[in-house]
Amino acid sequence: MSEPTTHDTGLVLELMFRLGQAYLACGEQTSEIELLLRRLALAYGMGKTRVVVLPTAIFITVHDQVSERVTLAEGPRQPLRLDQIAELYRLGGQAQQASVTPRQALDCLTDILRAAPRFGALGALLGHTILAVGVAMVLMPTVANIVAAAVLGLMVGLLKAAVRERTLFSVPLPVVAATAVSAAVFYGAERGLPVDPLHALVPPLVTFLPGGMLTLGMVELAYGDMVSGSSRLITGLVTLVLLAFGLAAGAALMGVQPENLLHASAQFVKLPSASWAGVLVFCVGVFLHFSAPRNSLGWILIVALAAFAAQRGAASVFGAEISGFFGMAVAVPASYLIQQRFGGPPSVVTWLPSFWLVVPGSLGLLSVARMLSDRAAGVEGMITVVFVVASVALGTLVGASVYRFLSERFSWVFARLHKLRAHLRGGRAP
């Protein structure tokens with residue numbers, strides 16, 4: 001009979017469900033979380049481990065060769081920032097190798113979750129304003145829309161800062177923010193400001209858009225996780241509808257009828273090449289607002305530009321509906337390459353901003369907004385969103401497979417690059 005584990009079973013079990021909650025707060029795939037937690041239990045000597053992870057609950061059973069322990073934990077309440085995500089994945093890697101004790105890992109996890117934003121409240125507010133400007137430059141780069149995005153992005157950033165520590169008020173925040181943005185946009189439009197209302201509504205609300213949730217739901221459905229995939233997909237669609245309700249409510253407060261939600265965009269003069277500069281501005285805003293880890297801005301920008309270029313190139317050849325496939329097929333392997341071969345931040349830190357840039361969250365909101373004024377066009381737009389989400393999800397899956405294939409087939413190239421990087425860091429010629 002084998003000797004029982006030297007680690008306290010209760011501590012290991014607590015570490016497993018708390019790490020599982022944190023991984024869920026990162027937006028990680030449920031099947032991947034199950035695999036990570038089983039590896040952790042094995043590293044600490046726990047046998048016969050069973051883990052079931054859902055977006056709102058975690059079920060864990062472990063056996064320490066003496067007795068069996070069972071626990072149930074609820075899902076997370078708030079998402080994590082990029083700096084917290086980076087530290088969490090570093091800690092998770094250490095725990096899977098048992099290089100830290102369960103108590104040390106729990107203390108470190110507590111410090112990560114309690115850590116203050118790197119740039120403080122002012123940096124988060126400034127970052128939200130900047131990323132809203134970046135989205136406006138990508139969607140509809142006119143001077144009026146960019147100025148409106150800055151003002152409205154600041155307003156929404158203030159709303160988010162006011163409810164940051166109040167979980168109860170964060171639930172209706174997207175609807176309240178959408179109502180406020182819509183009322184402000186249509187108030188200005190009614191008084192002759194040269195803004196394109198439909199495209200001016202999206203940039204300030206971009207951090208509420210559930211494009212990532214919709215795509216992750218599609219990915220999990222593709223992997224056969226029907227419960228997790230369906231719940232995330234439905235939650236994302238409901239979030240879009242609630243945002244659209246807020247937009248309609250704001251328009252109604254200003255006395256604007258739903259059929260007047262749409263304005264022609266051709267009359268507005270776009271700034272040339274502003275969309276490419278918008279990617280840079282967006283990445284800077286994400287870096288500040290989501291408190292990205294040190295030395296990650298350059299990597300975030302490289303992946304975002306590569307994904308944006310692939311998406312734009314594919315859109316000109318194949319159409320916008322499937323262009324997201326090519327964007328994510330480039331972003332995912334690039335992020336893995338940066339993490340594992342160039343010593344960059346965790347892949348999730350570099351590809352999440354690209355994800356937010358490529359996924360059709362804004363397209364979905366535009367389609368729902370159109371439904372308020374033209375139901376036939378809105379329904380057609382929502383069908384298009386389904387195809388776009390599917391293409392982004394497939395691109396994510398294919399991108400991960402491509403990296404694994406290249407890593408196995410051309411491992412000698414990566415080894416040479418790693419040796420070259422080590423020599424350059426040491427100041428010696430290879």
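I take buried to mean under 20% relative accessible area, exposed over 50%, and partly exposed in between, with a 1.4 Å probe and protein chains only. The model is predicted, so I ask pLDDT of at least 70 for local features and count side-chain atom pairs only at pLDDT 80 or more, while totals for chains, interfaces and linings use all residues. Residues are numbered from 1 along each chain as its sequence is written, and side-chain values use heavy atoms, with hydrogens and water left out.

**Entry: whole chain**

I looked up the secondary structure and found 18 helices and three strands. Helices (H or I, at least four residues) and strands (E, at least two) are DSSP runs, numbered from the N terminus. Of the 430 residues in the protein chain, 50% are buried. I then took contacts (heavy atoms within 4.5 Å). Among those between residues at least 6 apart in sequence, 73% join residues at least 24 apart.

**Entry: α8**

Which residues of α8 are buried? I list L173, P174, A177, A178, T179, V181, S182, A183, V185, F186 and G188. T179 sits in this helix, which runs over residues 173–190. I class T179 as buried because its relative accessible area is 16%. Not counting residues up to four places away in sequence, T179 touches G246, A249, G250 and L253.

Just after α8, G192 has a positive phi of about 90°.

**Entry: second largest pocket**

I used a 1 Å grid over the protein atoms alone; a pocket is an open set of points where a 1.4 Å probe fits, with protein on both sides within 12 Å along at least five of seven lines, and lining residues have an atom within 4 Å of a point. The second largest pocket holds about 180 Å³ of space. That volume is the space filled by probe spheres set on the points, which are joined across faces, edges and corners.

Which element gives the largest share of the lining? It is α6, with five residues. Both α6 (143–162) and α8 supply at least two residues each. The lining includes A144, V147 and A148, as well as A184, V185 and G188. I count 11 nonpolar residues in the lining, one polar and no charged.

**Entry: α3**

Just after α3, A98 takes a positive phi of about 55°.

**Entry: β2 and β3**

Strands count as paired if DSSP finds at least two bridges between them. β2 (residues 57–63) and β3 (residues 68–74) pair in the antiparallel sense over seven bridges. F59 is opposite L72 in β3. Four residues lie between the strands of this hairpin, where Q65 has a positive phi near 75°.

**Entry: P117**

Is P117 buried or partly exposed? I call P117 partly exposed because its relative accessibility is 30%. P117 lies in the loop between α4 and α5 (120–139). Leaving aside neighbours within four places in sequence, P117 is in contact with R81 and S291. P117 and S291 are 174 residues apart along the chain, with their C-alpha atoms separated by 5.8 Å.

Conventions:
Nonpolar A, V, L, I, M, F, W, Y, C, P; charged D, E, K, R; others polar.
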